[in-house]
Amino acid sequence: MLFSANKYLKKYTEAAPLAAFRLFFGLMMFASIVRFWANGWIEKLYIAPKFFFSYYGFEWVQPIGEYTYLIFIICGLSALAVAAGFKYRLSIIVFFLSFTYIELMDKTTYLNHYYFISILSFLMIFLPANVYFSIDAWRDKKKSFQKVPAWCVDSLKLLLAIVYFYAGLAKLNSDWLLRAMPLKIWLPSKYDLPWLGDIMQQEWLHYAFSWSGMLYDLFIPFLLLWRRTRFVAFIMVIIFHVLTRVLFPIGMFPYIMIVSALIFFSPKLHHRILKFIAEIFKIDKSKFDTSEVYQFPDITGKIVRTVVVIFFTVQLLLPWRYLAYPGELFWTEEGFRFSWRVMLMEKAGYAQFKIVDAETGNRFYVNNSDFLTPFQEKQMSFQPDFILQYAKFLEDHFSKDGHKNIEIYVENYVALNGRKSAPYIDPDVNLLNFADSFEHKEFILPFQDEIKGL
Amino acid sequence: MIKFSRLFIVFALIFAACSSEDDGTETGGETGGTDSFDRGAMLVNWADNIIVPAYNNMAAKTQNVETAATAFTTAPDAAGLQQLREAYVDAYKSFQSVSMFQVGKAEEINYRSYLNTYPANTSNIDSKISSGSFNLELPSSFAEQGLPALDYLLFGMGTSEEIVAIYSSNENYRTYLNAVASRMNALTTEVSNSWNGDYRDTFVSNTSSSSTGSVDKFTNDYVMYFEKILRSGKIGFPAGAFTGTASPSNVEARFNAEISRELYLEAVQSFEDFFYGRHFSGNGTGSSYKQYLEYLDSMKDGADLASLIEDQLDAIQSQSSSLETNLKSQVEKDNTKMLEAYDELQKAVILLKVDMMQALSISVDYVDSDGD
C-alpha cells in the first residue's frame, strides 16, 4: 500500500486540465458575483436586513453595512485574477476568504452549492493551477511548467465525485424513492413549461425523475472516470443540469457543474480548449509548452499533501455526523448542512413567538416581519438553530425596550414533503433556557411519521 | 474529435437557449392536457365572476357615498346625515369583498391603504380641517382619509344634532367631507375601470408558474391579506395580541363600532367565498383553490387539505357568533373572546400559509434568490 501510494505521488500529468479548470472556475465565479450584484441581492440579503443568522462559532462574521459591496468587489476581482492566473496563490486565498466570509454573514442563504465553492476554492489554494497558461507563468519562466503531479488533477475529480456520490446516497430514502417527494410537489407547478408542462403533471414522471436522479448522482462519477463511458456520461451531465436549470431556480450552478465535469477528460481535450482560447486572444500557447515538470519543494509538498489528506478525510466523514443525533434528520435538521443533501425536502413552517413576563404573566406575540425579511422568516420557521438564535435576539431587543423577566415561547408548525403541518417545537419550553450548541436540541417535538433510508 | 466538436456546438446552443434568466414574463401557455388542472380557467372565474363584479359593486357604493355627501353638505340636516351614514355603512361592508384583491391597479395606487387605514388619525384630520389646507394624495395621509376618516367625520364628533350643526356652520368641514368621499370614489373607479379594461386580460392570461405569474402573486397576496389584514388588523391588534395590552380604539369603525363584527364577518365570508370560487352575484360557483387543492391532493395522496381548510373556516364562523356585534365593547368587557377568535384565525393561517402554499408549490418568500 505504502509503496503504491509513493508511486502514485510521483506520477505526473499534463497541467492543462488544471489550468483550464482554473480559468473557467474564475470566470464563472466572476459572473456569479456580477449576477448576484445585478439582481440586487447584495442589498436585499446583506444590507436591508436588521439582523443576520450566524453559523455557530462564526457570530463575529457580519455584513459591514455599505462596505459589504467592497467585499463583493474584492471577491469578484480575485476571481478574475484566479481566472488569469495572476498572482495566483494570493488571489485564490483572497477569493476563498472573501467568498467564505460572504457565505458566513447569514446562514439564511446557505446552499450546498455555495459550500461547494468555498471548499473547492480552499482546495485550490494548495494546487499549482497557475503553472500553465497563466499570467504568472508567462511573466516568469521559472514559474512555468507543463506538467504537475497527477494527484493535483485527481483531487478535483475526487471532490466532484464526493459531491455527486453523497448526493446520490442521500436520495436513498423512502420519501424520495417511494413517494416521489418532493418532486411530486415541485414538478406539477411547472405547468407552464413549453412541451414539458403537461407531463409534469404525470405521476410516473415524478417517480422517473426521482429514480433517475438518484441513479445519476450515484453513478455519474464512475461513468466519468471510465474512459469508455466518459463521453456519454458528459452528455448526461449536460442534459441533467440543463434540465435542473429549466425546472428550478438554481442560478449559475448547473453551468459550474457542467464545466467542472470537464476535468475528467483527457489533457488532449484541454489542450484543444486552451488552444482555441489562445487563438482568439492571440496568445502564443507554445510558450507554455516547456515540458518542465512542477515539483513541490520537499517540505511544502509534505505540508500540502497532509492538508489535502485531512481535507478529504473531513469531507468523507462530515456528511455522516447526523448519525450522532437522535430523531429524523429531515425533521430536526441536525447534521443536515454540509452533507450534500441537495433538493431533498420541501419544508415550510410558521413560527409565532410569544414574549411572556414571568412575574405578571403578561404576554404578547411577536410580529416577525418587524425584524426579519420574508426570506429570513421563511428559513427561520423550520430550522431549530435559527429559532433559538432568533429567540435570543428577541430577548435582547425586548429587554432593551424595558421588558423584564422575559420568557420566550414559540408556537411552531412545520410541514415536510407534503405531510400535513404538525407542531414542531415544544410550545411549553422557554427557549431562553437553552444555549445553541452541537448537542441535540431536546425541545424539538418528535416527527410523527417515519422516513426510511440513509 | 470532429464528432466531439460538433456535439459540443449543439450543446452550447442548448446552453444558450436555456440560459436566459426565466423571469417568467412569458404569458399564455394554455395547459391543454386532460389530466392537468386548468389554472387559466381558475383565473377567468376569479376575474369575471368574483373580482370584477365585486369592484363594480364597490364603485357603485362609493358613488352613492359621494352623491350623499354632496347632498348632505349642500343642505346639512338630520335626514341627509342619515342617508350619508347608510351609504357609508354599505360601502364599508362592500369594501370587505374587494380588500383582498390588492393586485394590479389596486396594488399600484395602494388602494387598500388609502381606503382603510385605521384607526384614523383624528387629530391630524382636525388640524387639517381647521387649517383648510390638505393633500389627500400623500402617502403620509393614509390615516386621514377613506372609510375610517368617514367613520370619524360621520359618527365621531358628537351626537347627530351636533354633527349636523358642525357641518351647517363650517365650510371647512364640508370641504373635507366632500374631498374624502370623492377621493374614495375616484380611487375605486380607477381600480374598477382597470379591471373592466385591459387589466382583466393581463391578469387572466398570465398563467406563468413563476413568482410573477397571476396565481403565484395573487395567492401570496390572498394569504398575506388573511394573516395581516384580517387576523391581525380586525382581531389581533384590538385584542392586543402583539402588545399584551388590549386596545379597543384599534377596532375597525371605532366610532360606529356597532358594525365592527359585521365588517369582520363580511371579510371572513368574502375570503371563504373566494376560496370556494363562489360567484359574487348569484349562487354559481366555479374553478377555485378548493378544486385546485382537491386535484393536487388526489394526485399526491396527501392530507385532504381542502376539507381541513373548510372545517377551519367553519370554526371561525361559529366562534364569531359568540362575539358581541360591537367588537369595541367586546374588547373592553371580555377580551378573551377576541383572543379566542384570534386563535381560530391563527389555525387557518397555518393551514393557508404552510400547508396550502406547500401543496401549491408557491413560495412565500418574495425575495427571489437561488436554490440548491
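This tour goes through a predicted model stop by stop, saying what to select next and what is found there.

Residues are numbered from 1 along each chain as its sequence is written, and chains are lettered from A in the order in which they are written. Because the model is predicted, local features need pLDDT of at least 70 and side-chain atom pairs count only at pLDDT 80 or more, while totals for chains, interfaces and linings use all residues, and side-chain values use heavy atoms, with hydrogens and water left out.

**Chain B as a whole**

Begin by selecting chain B, which has 16 helices and 0 strands; helices (H or I, at least four residues) and strands (E, at least two) are DSSP runs, numbered from the N terminus. Of its 372 residues, 55% count as buried, where buried means under 20% relative accessible area, exposed over 50%, and partly exposed in between (1.4 Å probe, protein chains only). Among the contacts in chain B with a separation of 6 or more, 75% are between residues 24 or more positions apart, a contact being heavy atoms within 4.5 Å.

Leaving out residues up to four places away in sequence, B:L153 touches B:I125, B:I129, B:I163, B:Y167, B:Y176, B:L177 and B:V180. B:L153 is also listed, with B:Y111 and B:M356, as having the most contacts inside the largest nonpolar core, which has 115 residues; such a core is a set of buried Ala, Val, Leu, Ile, Met, Phe, Trp, Tyr and Cys residues joined through side-chain atoms within 4.5 Å. Apart from it lies another core, of 99 residues, among them A:F21, A:L23, A:Y114 and A:I277. In soluble globular proteins, nonpolar side chains tend to be buried together.

Move to chain A and select A:F25, which lies in helix α2 (residues 16-38) and is buried, with a relative accessible area of 5%. Not counting residues up to four places away in sequence, A:F25 touches A:I92, A:F95, A:I117, A:L120, A:S121 and A:M124.

A:A83 and A:L23 are 60 residues apart in sequence, yet their C-alpha atoms are 4.0 Å apart in space. Beyond its neighbours within four places in sequence, A:A83 is in contact with A:R22, A:L23, A:G26 and A:L27.

From there go to A:K87, in the loop between α4 (68-84) and α5 of chain A, which has a positive phi of about 45 degrees although it is not a glycine. A:K87 is partly exposed, with a relative accessible area of 43%.

**Other stops in chain A**

Select A:H241 in helix α12 (residues 227-247) of chain A; at 7% relative accessibility, A:H241 counts as buried. Residues up to four places away in sequence aside, A:H241 touches A:Y164, A:Y216, A:P254, A:M257 and A:I258.

Another cis peptide bond joins A:M181 and A:P182, with omega about 0 degrees, and A:P182 lies in the loop between α9 (174-178) and α10 (183-186) of chain A.

The last stop is A:E333, in the loop between α16 (329-332) and β3 (347-357) of chain A, where phi is near 60 degrees, a positive value in a residue other than glycine. A:E333 is buried, with a relative accessible area of 13%.
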